[in-house]
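Subject: Structure for your review

Dear colleague,

Please find below the structure that I am handing over to you. I would be grateful if you could look through it alongside the notes that come after it.

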Amino acid sequence: MGPERMLPVDDALAPLPAGELHWLRCGELEVAFAAGAGGRVAHLRYQGVEWLVDAQQAGPAAIAWGCYPMVPWAGRIRRGQFHFDGRPHRLPLNFDGHAIHGVGFSRPWRIDRLDAAAARLSLELPSDGYWPFGGAAVLDLQLQAHSLQMNLAVQAGGQAMPAVLGWHPWFRKPERLLFSPRSMYPRDREGIATLPRVEPTTGPWDDCFIADGDVTLIREGQHLRLRSDHDHWVVYDGTPHATCVEPQSGPPDGYTLAPHRLEPGQRLALTFELAWAADST
């Protein structure tokens with residue numbers, strides 16, 4: 001596809017209202033998701049404490065509120081460019097000269113199942129200039145009395161494709177962040193992750209880390225423990241109203257730094273578990 005057709009697609013910073021909300025409840029945990037606004041979780045409340053930044057607090061930009069799935073890539077693809085199967089590909093640029101956070105965060109998802117404490121949503125990925133490979137994504141939300149499990153998966157369609165998955169939660173600013181990464185990807189002048197990995201630096205961060213254990217946020221007398229079945233985490237804590245702690249299956253610019261290939265019909269999944277406990281300190 002020639003560059004003349006690759007016009008910017010401003011979905012990242014464009015207003016995206018939540019629209020209709022669907023509430024899930026179990027015990028003292030309440031979750032509202034907005035299927036029409038990128039399949040995101042719009043509200044996350046435990047014992048009456050709201051944990052997520054909403055559009056009213058942060059402004060309506062699509063990438064700035066709630067907790068949304070990043071599929072089929074997470075973070076930035078440098079200048080929207082990568083190679084796959086020996087061929088160059090260019091994605092539309094939607095944030096600061098790069099292609100950010102995939103195609104799912106601004107598109108409406110279909111509700112396939114909705115119960116009192118669980119839901120399943122799905123999205124057919126495009127086969128066009130925005131994303132040429134097709135495929136499909138599914139996300140599941142499952143509440144227990146003190147925890148939320150979110151499962152995100154992408155499956156290749158009739159052709160092979162690259163894939164990186166992630167969740168992007170905008171947490172209201174915690175009083176403490178307990179996080180012990182073992183390495184990080186340094187960022188270059190464009191703010192993009194690079195190799196080789198290095199020892200973690202002190203914050204503030206907008207960086208991708210390798211970490212094996214849980215991440216814990218402490219706020220309003222609650223401990224929120226975050227756990228993933230992958231070891232990549234992006235942490236952004238450079239704004240006074242929020243901290244983002246994002247589990248990912250690979251790094252930003254992952255199609256270049258750590259390529260993961262899905263053959264036709266093959267699937268990649270990412271589980272993100274959030275569990276609450278009273279502050280015992």
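The notes below go from the overall form to individual residues.

Please bear in mind that this is a predicted model.

Overall form

The protein contains 24 strands and 2 helices. Its radius of gyration is 18 Å, which agrees with the value near 19 Å that a compact globule of 281 residues would have. Along the principal axes, the C-alpha atoms fill a box of roughly 55 × 45 × 35 Å. Of the 281 residues, 55% count as buried. When contacts between residues at least 6 apart in sequence are considered, 66% of them join residues at least 24 apart.

As for the surface, the protein exposes about 11800 Å², and carbon and sulfur atoms supply 50% of that area. There are 25 positive and 32 negative charges, and their mean positions lie 3 Å apart.

Aromatic residues

The structure holds 13 aromatic pairs. One of them is formed by Tyr 68 and Phe 105, a tilted pair with 5.8 Å from centre to centre and 40° between the planes. This pair links distant parts of the chain, since its members are 37 residues apart: Tyr 68 belongs to strand β5 (residues 67–70), and Phe 105 to the loop between β9 (99–100) and β10 (110–114). Both Tyr 68 and Phe 105 are buried.

Trp 131 and Tyr 255 form another tilted pair, with a centre-to-centre distance of 6.2 Å and 40° between the planes.

Backbone details

Two cis peptide bonds deserve a mention. The bond from Val 71 to Pro 72 is cis, with omega near 0°, and Pro 72 is placed in the loop between β5 and β6 (76–77). The bond from Gly 203 to Pro 204 is also cis, with omega near 5°; Pro 204 is placed in the loop between β17 (183–185) and β18 (206–210).

Positive phi angles occur at His 101 and Asp 253, as described next. His 101, although not a glycine, has a phi of about 70°. This residue sits in the loop between β9 and β10, and His 101 is buried, with a relative accessible area of 7%. Asp 253, likewise not a glycine, has a phi of about 55°. Its place is the loop between β22 (242–248) and α2, where Asp 253 counts as buried at 3% relative accessibility.

Ala 269 is found in strand β24 (residues 267–278). Is this alanine, Ala 269, buried or partly exposed? Its relative accessible area is 30%, so Ala 269 is partly exposed. Leaving aside neighbours within four places in sequence, Ala 269 is in contact with Leu 152, Ala 153, Leu 165 and His 230. The C-alpha atoms of Ala 269 and Ala 137 are separated by 9.6 Å, although these residues are 132 apart along the chain.

With kind regards

Key. Residues numbered from 1 in each chain as written. Predicted model: local features only at pLDDT ≥ 70, side-chain atom pairs only at ≥ 80, totals over all residues. Heavy atoms only, no water. Helix = DSSP H or I, 4+ residues; strand = E, 2+ residues; numbered from the N terminus. Rg over C-alpha atoms; globule rule 2.2 N^0.38 Å. Buried < 20%, exposed > 50% of the residue type's maximum accessible area, 1.4 Å probe, protein only. Contact = heavy atoms within 4.5 Å. Areas by Shrake-Rupley, 256 points an atom, 1.4 Å probe, with all protein chains shown as cover. Lys, Arg positive; Asp, Glu negative; His and termini not counted. Charge placed at Lys NZ, Arg CZ, Asp CG, Glu CD. Phe/Tyr/Trp six-rings, centres within 6.5 Å; stacked < 30°, edge-to-face > 60°.
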